[in-house]
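Subject: Structure handover

Hello,

Here is the structure for you to look over. My notes follow below it.

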Amino acid sequence: MLKLVLLLTLGLVLSVRASEDTNVEFDVSEGNSDDGVAVDDEVAVDDDVAVDDDVDPALEEDVDPPPSLSELKASQVVLPEFEGLQAPDVSQCLGEDKYKNTDDIESESDMLCAFIAFQANKDMSEPGNKVYASREEATMRYGIFKNCVANVQEINADKQKTWTAGVNLFCDMTASERYPYFIGLLPQDEDEDNDLGKERRGGMLLGAARPE
């Protein structure tokens with residue numbers, strides 16, 4: 001009987017040991033496991049690896065904002081030579097109304113402001129439109145422009161006419177520059193010395209145009 005008890009006890013002990021060998025619990029709360037293998041959930045960084053923190057200085061420079069519409073317009077303006085007048089404030093002469101409303105052009109200062117607006121509102125993508133190369137050229141174009149405006153005012157002052165004239169892109173062009181645009185404008189039997197011819201020549205070819 002005693003031998004039987006000893007055999008049962010020995011079998012129970014062996015069964016418990018076998019169970020302990022097969023059921024292994026891992027404790028990762030401290031970074032270690034029961035089997036002696038260290039568990040580290042942090043990735044080690046090699047201090048010997050150089051990290052390039054250098055940034056191209058060009059990329060760090062402040063980027064200038066794009067120019068405003070007013071700045072773009074002002075960049076197209078070249079002032080002519082003028083005497084006895086106070087230098088105009090270009091920023092106050094950029095609106096199209098400054099040259100389109102020819103009735104408001106009464107003084108030399110008004111005329112100069114209108115000429116500035118005329119330049120500022122040119123569409124440089126159109127053939128023939130360009131920024132004046134120098135102040136000397138601007139002075140020459142200013143004289144042509146003044147004649148054009150005077151021509152427009154004269155036409156519009158005639159109340160018997162059923163149409164009105166206005167300043168257009170030809171108002172600063174020389175006769176030779178306008179010529180290619182107006183070949184064939186007048187019929188062959190139309191004499192430029194008669195009233196109709198003078199109106200057509202004086203108005204259209206000097207830059208005055210009937211507004212649409």
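From the N terminus on, the elements run α-α-α-α-α-α-β-α-α-β. That makes eight helices and two strands. Helices (H or I, at least four residues) and strands (E, at least two) are DSSP runs, numbered from the N terminus.

This is a predicted model: local features need pLDDT of at least 70, side-chain atom pairs count only at pLDDT 80 or more, and totals for chains, interfaces and linings use all residues. Residues are numbered from 1 along each chain as its sequence is written, and side-chain values use heavy atoms, with hydrogens and water left out.

Overall picture

The protein has 212 residues, and 27% of them count as buried. Buried means under 20% relative accessible area, exposed over 50%, and partly exposed in between (1.4 Å probe, protein chains only). The protein exposes about 15,600 Å², with carbon and sulfur atoms supplying 52% of that area. Areas come from the Shrake-Rupley method with a 1.4 Å probe; for residues, only the protein chains shown count as cover.

Contact means heavy atoms within 4.5 Å. Among contacts between residues at least 6 apart in sequence, 59% join residues at least 24 apart.

Start with helix α6, residues 135–157. Its 23 residues reach 32 Å from first C-alpha to last, close to the 33 Å expected at 1.5 Å a residue. The expected span is 1.5 Å times one less than the number of residues. Its buried residues include Ala 138, Tyr 142, Ile 144 and Phe 145.

The largest nonpolar core has 22 residues, of which Tyr 99, Phe 118, Phe 145 and Val 167 touch the most other members. Helices α5 and α6 are the elements that give two or more residues to this core. Helix α6 gives the most, with seven. Apart from this core lies another, of six residues, among them Val 77, Cys 93, Leu 94 and Ile 116. A nonpolar core is a set of buried Ala, Val, Leu, Ile, Met, Phe, Trp, Tyr and Cys residues joined through side-chain atoms within 4.5 Å.

Leaving aside neighbours within four places in sequence, Phe 145 is in contact with Tyr 99, Met 111, Ala 114, Phe 115, Phe 118, Val 167 and Cys 171. Ala 114 lies in helix α5, residues 108–120. Ala 114 counts as buried because its relative accessibility is 0%.

The side chain of Asn 156 reaches the backbone nitrogen of Ala 165 at 2.6 Å.

Salt bridges

The structure holds seven salt bridges. Each is a side-chain nitrogen of Lys or Arg within 4 Å of a carboxyl oxygen of Asp or Glu.

- Lys 146 pairs with Glu 108, the closest N and O atoms being 3.2 Å apart. This pair links helix α6 to helix α5, 38 residues apart.
- Lys 122 meets Asp 172 at 2.5 Å, N to O. Lys 122 sits in the loop between α5 and α6, and Asp 172 in the loop between β1 and α7. Both are buried.
- Arg 141 meets Glu 137 at 3.3 Å, N to O. Both lie in helix α6, four residues apart, about one turn of the helix.

Best wishes

Note on methods: A polar contact is a pair of N or O atoms within 3.5 Å; within protein, one must be able to donate a hydrogen and the other to accept it, and residues adjacent in sequence count only if both atoms are side-chain atoms.
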